[in-house]
Amino acid sequence: MNSFYGKDFLSVDINEDDERPPKGSRTNDMNNGLAPVDSSEVSSGNVDDESVVRQRSMLKALWSEATSTTSFPQLHHQLHHRHTNASVNNDLGDYTRKGSTGSHSFPSKRRTSTGKHTRNSHLHYSRSARIAKRVWLAAFAALAASSLIAVHIFLYSVLFGTNTNNNKGAEASSSVVQYLAPEDQNAAMTLKEAHSHRLKPITTHPIDKEQFTIRMNTWHRNEQLVLSVNHHAKCEGVKEIQIVWCDSENEPPNEILHHKSGKVKVEKHTINSLNERFKVLMDPPTLGILSLDDDVLRPCEALDAAFIRWTRHPERMVGFDVRSHIVDDGEEGSKWKYGYMSTTESSNRYSLTLPRASFLHRDYLDLYTMALPRPMYAYIAQHFECEDIAMSFFLSSVTDGKPPLITDYWAVKSMVKLYSEEKISGGKDHKAARDKCVNDFGEMLGLKGDGLVDGVDVKPLQTGKIRHKDSFFGYGAEPEDWSKIDPQSVKSQNLQQLIETMHHLQTLSGKERMTWLSERINEASMEAKKVGMIENTDEWKKRWKG
């Protein structure tokens with residue numbers, strides 16, 4: 001009976017489709033290790049049989065519930081084969097009478113009193129063995145069910161994305177693709193090709209030494225944009241103002257679309273990314289480009305002075321802001337960090353400038369878009385920061401590690417900042433992000449002096465001295481000496497007059513120079529001041545604090 005229950009439980013509950021001979025047939029009884037019995041001889045075990053039936057029914061239900069979503073045909077085959085063989089061998093060996101004749105002999109169900117005691121002991125042992133076996137099988141079923149559930153959960157999370165970290169990674173990848181145009185996802189030019197690129201000469205067309213094009217980046221600051229355009233359109237050196245418009249959901253204000261100066265054009269972009277400020281869709285009329293933010297005003301004289309400096313060094317970037325990289329030799333090795341203006345000025349050394357107000361050659365815009373390492377390009381697109389560091393480092397990389405040039409000190413200090421209620425940049429994580437950009441971008445472009453990058457032996461990034469003997473004029477590396485610049489060397493009357501003004505300022509006292517500069521700043525900020533957009537003025541306090 002031991003082998004019957006074991007074989008029947010496994011064969012029925014694991015795979016109920018197994019084909020069996022009819023019960024009571026000799027083939028079935030021999031395979032189960034039992035001899036045919038009379039119904040009257042089983043009456044003494046009715047109570048035990050009813051208990052066993054209940055146990056079998058309960059365990060059968062448990063096994064059926066646990067394995068309802070799968071089957072184990074291989075396990076069934078192994079267990080079925082093992083228990084069947086054991087049943088035949090054990091029953092035939094234990095119950096065959098000694099000295100019997102014939103090929104097989106089966107036990108008789110008639111017992112003496114002593115035989116009945118032996119039978120009861122055997123039945124008690126068989127029931128214990130069966131219970132232990134069923135407990136083991138129930139535990140196995142529970143383990144199989146829990147494992148199956150875990151597998152299902154894992155497969156569901158993989159297929160349907162319930163994993164939070166995977167979702168974040170997918171969202172990050174999706175956001176990068178969203179902010180990169182298909183043509184920008186792969187670099188169209190290698191760094192080696194960018195290093196060997198020869199800039200178009202500015203001597204071919206006279207306009208390139210007389211006027212420049214402003215490319216103004218803007219985002220949801222229409223009032224600041226209009227004020228900036230109104231002022232800078234008055235400057236004679238400005239040939240055209242191109243508005244880099246990345247807001248696909250809103251149209252530019254009418255004052256911009258139909259500006260009275262006739263100098264303004266809107267360049268609409270479908271991708272909202274800081275990389276787009278350097279991506280040219282509308283060919284500029286000049287090779288000289290002034291990259292400018294929408295909330296910055298500068299006197300026309302300051303722009304002209306910086307432009308003249310750029311025409312004398314068209315391969316360099318000429319900026320109005322000084323920043324630096326700081327080498328931090330810590331336990332984790334040498335790391336670069338971002339140095340703000342206060343840190344930079346206190347050290348009197350700088351290594352980069354900001355394109356919020358910088359002159360550069362038009363070709364560099366294309367080189368940035370086509371050759372900037374894609375990890376840098378993608379990072380800027382995803383995080384909306386560090387395009388200024390990227391451009392400054394990129395130009396230093398292709399100019400033998402030289403720092404950008406800076407315009408005169410008086411022009412640097414002429415900036416007028418337009419008020420904004422909401423700051424686009426800043427925050428507690430801003431410094432850490434800038435540190436990461438300086439360190440990683442410097443390494444990707446080879447400015448750390450690590451050897452070859454993309455087949456190019458890039459020279460390490462150099463620093464330049466900020467202040468010089470003349471505190472009003474010379475500022476940054478390779479300062480200009482205005483006394484050596486002939487006004488007749490330029491054809492534009494506007495620029496000739498500017499050079500003559502610089503000559504005159506060199507003869508004035510410091511106080512007189514500052515008076516002249518204050519007048520220029522007041523002229524540039526007049527309209528913005530009237531409408532309360534210059535912070536800490538009476539008009540501003542009345543508008544924003546009153």
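Predicted model: local features only at pLDDT ≥ 70, side-chain atom pairs only at ≥ 80, totals over all residues.
Buried, as I use the word here, means under 20% relative accessible area.

What do the buried residues of H14 pack against? I will take H16, H12 and then E10.

H16, then. The axes of H14 and H16 come within 10 Å and cross at roughly 30°. That makes H14 roughly parallel to H16, as angles under 35 degrees are counted that way. The crossing of H14 past H16 is right-handed. On the H14 side the residues in the contact are Asp388, Ile389, Ala390 and Phe393, and they meet Arg434, Cys437, Val438, Phe441 and Gly442 of H16. Sorted by class, this contact has six nonpolar residues, one polar and two charged.

Now H12. How far apart are the axes of H12 and H14, and at what angle do the helices pack? The axes are 11 Å apart, and the angle is about 105°. H12 and H14 are therefore roughly perpendicular to each other, the range for that being 65 to 115 degrees. From H12 come Tyr364, Leu365, Leu367, Tyr368 and Ala371; from H14 come Glu387, Ala390, Met391, Phe394 and Leu395. By class, that contact has nine nonpolar residues, no polar ones and one charged.

Ala390 of H14 is in the contact with H16 and also in the contact with H12.

Five of the five residues of E10 are buried, so the strand is largely enclosed by the rest of the structure. Both of its faces are covered: one side carries Ala357, Phe359 and His361, the other Ser358 and Leu360.

Which strands pair with E10? Strand E4, residues 288-293, is joined to E10 by five bridges, and the two run antiparallel. Within that pairing, Leu290 has Phe359 as its bridge partner. Strand E6, residues 318-319, is joined to E10 by two bridges, also antiparallel. There, Gly319 stands opposite Ser358.

That is the end of my part.

Terms used
Residues numbered from 1 in each chain as written. Heavy atoms only, no water. Axes fitted to C-alpha atoms, helices over the stretch in contact; angles between N-to-C directions. Helix = DSSP H or I, 4+ residues; strand = E, 2+ residues; numbered from the N terminus. Parallel < 35°, antiparallel > 145°, perpendicular 65-115°, else oblique. Left-handed = near helix turned anticlockwise from the far one by under 90°. Contact = heavy atoms within 4.5 Å. Nonpolar A, V, L, I, M, F, W, Y, C, P; charged D, E, K, R; others polar. Buried < 20%, exposed > 50% of the residue type's maximum accessible area, 1.4 Å probe, protein only. Pairing = 2+ DSSP bridges.
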